Amino acid sequence: MRIPLTRRTLLVWLLTLLSSTGTLLAQNRQGFTLQEAIQFATRENINIKNTQLDALSAEGRIRELKAVSLPQVALGGSFIDNLIIQRAFLPANFFDPNASPDAPAVPVQFGVKYSGNLAGSVNQLLFDAAYRVGLKAATVYRELAQKTVTASKITIAEQVAKAYYGVLVSEERAKLLDLNITRIDTLLRDTRAMNKQGFVEKLDVDRLEVQVNNLKAERQNVQNLIGLSYYLLKFQMGLGINDEITLTDKIQDVSLDELERSIVLEPIFDYNNRIEYSTLQTQLQLADLDIQNTVKGYLPRLSASFNYGYNNGRNRFANIVDSPWLNFSTVALNLSMPIFDGFARKYSIQQKRYTLQKAQNSGVLLKNSIDLQQKQATITLTNNIQTLRTQQRNRDLAAEIVRVTRIKYKEGVGSNIEVLNAETSSREAQTNYFSALYDFLIAKVDQDKATGKLYIGQ
């Protein structure tokens, strides 16, 4: 049966389609708290994935080094066709003792036209002091690779936190601008009505209209900033810019009292909590092991080898196939010990010790730098919390002034200019408040990074 496509049927169908599309988009939209966003970024950010691949590569390098201590087995073979057999020249008296010493040498062929060889060998390292040091260095190298991954995660955590706060603050600014626009729109309608009744001048209406236009332009700018902030956050998290996300943390949940209590004025600090310092200590261990490895090069190196194979040689190709191949075998102990290298190793050790001393000096400098960062972060955070409280007070006062001036204006005891000035001051106070709030949140991230508490994970 054919159902007629009426306007009502079409409208119901469109509403159903829009509803299902909206539900699908909502299901595809991902919600993130700040901590969830950081955890997601530490899994999906491309830079972190690359450092993890570097760590896997380092693990492969370690196993490659350890493989040197295992037996090295090889199998090889060759087949030679001597197109022109080289001749050796022997004295004539080699064949005839009575030949004259001045007789010309006799050319003699040594070898056959076809020859073949097939052999296997096993080599085993027995003692190498430098290799033993290398095994110790392999463990430290693995630790360094893991710390590099952690360092990249801390950097991403910092970037995500700052981008996340940027979105929250911008969205809150947009909400307040919407409230301001609604309030001024209401005042503009009332003023237009009063102008028609002859109670106010047209100039008062124009002033309010200018104010509304300015607010709408500012609202559009903030909206564009929100979009850009979302793009930046998704980029840092490792998402595509077209992926839909929502931020479940709210700026209203930020407690100034709780944040103020979290400011540590004189933290008891372990420098190893900073990944930069911990990484430097690992690099110092590697540099020291590198010196030990070079020193151990003065000691002998001992290895053993075993070879077993078959060979054959004939002047006819058919004979090399059907004739028996003869076996051979060797066992050897190989000892090598450096005696004199022109002082090359001595000067190499000297250079590496200078490099180690430079790294140790860098460690002292890094500790001083960490101390300075902590002091700066604490002072900046303390100043920002004071500024934030002041701007919060100014915002509340400005809102009260707006309320009073609007009442006075409606009762006819205030002027339009007073209302506009109060609205402008209120908007400026709101902007200053959110700017101070953003500065404080960013400073808190900087302090957490300075104290090594920004990201603690695997």
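Visitor: Is K147 buried or exposed in this predicted model?

Guide: The relative accessible area of K147 is 14%. Because a residue counts as buried when this area is under 20%, the value of 14% places K147 on that side of the cut-off. K147 is therefore buried.

Visitor: Which residues does K147 touch, not counting residues up to four places away in sequence?

Guide: K147 lies in helix 4, which covers residues 129–196. With residues up to four places away in sequence left out, K147 touches I275, S278, T279 and T282.

Visitor: How many of the contacts in the chain with a separation of 6 or more join residues 24 or more positions apart?

Guide: The chain has 10 helices and eight strands. Among its contacts with a separation of 6 or more, the share that belongs to residues 24 or more positions apart is 81%.

Visitor: What radius of gyration does the chain have, beside that of a compact globule of 458 residues?

Guide: The C-alpha trace spans about 150 × 80 × 40 Å along its principal axes. A compact globule of 458 residues would have a radius of gyration near 23 Å. The chain, by contrast, has 41 Å.

Visitor: What part of the 458 residues is buried?

Guide: The accessible surface of the chain comes to about 28500 Å², and carbon and sulfur atoms hold 57% of that surface. As for the residues, the cut-off for buried is under 20% relative accessible area. Buried residues make up 33% of the 458.

Visitor: How many Å apart are the mean positions of the positive and negative charges?

Guide: The chain carries 53 positive and 45 negative charges. The distance between their mean positions is 4 Å.

Methods:
Residues are numbered from 1 along each chain as its sequence is written. This is a predicted model: local features need pLDDT of at least 70, side-chain atom pairs count only at pLDDT 80 or more; totals for chains, interfaces and linings use all residues. Side-chain values use heavy atoms; hydrogens and water are left out. Helices (H or I, at least four residues) and strands (E, at least two) are DSSP runs, numbered from the N terminus. The radius of gyration is taken over C-alpha atoms; the globule rule is 2.2 Å times the number of residues to the power 0.38. Buried means under 20% relative accessible area, exposed over 50%, partly exposed in between (1.4 Å probe, protein chains only). Contact means heavy atoms within 4.5 Å. Accessible areas come from the Shrake-Rupley method with a 1.4 Å probe; for residues, only the protein chains shown count as cover. Lys and Arg count as positive and Asp and Glu as negative; His and the chain ends are not counted. The place of a charge is taken as NZ of Lys, CZ of Arg, CG of Asp or CD of Glu.
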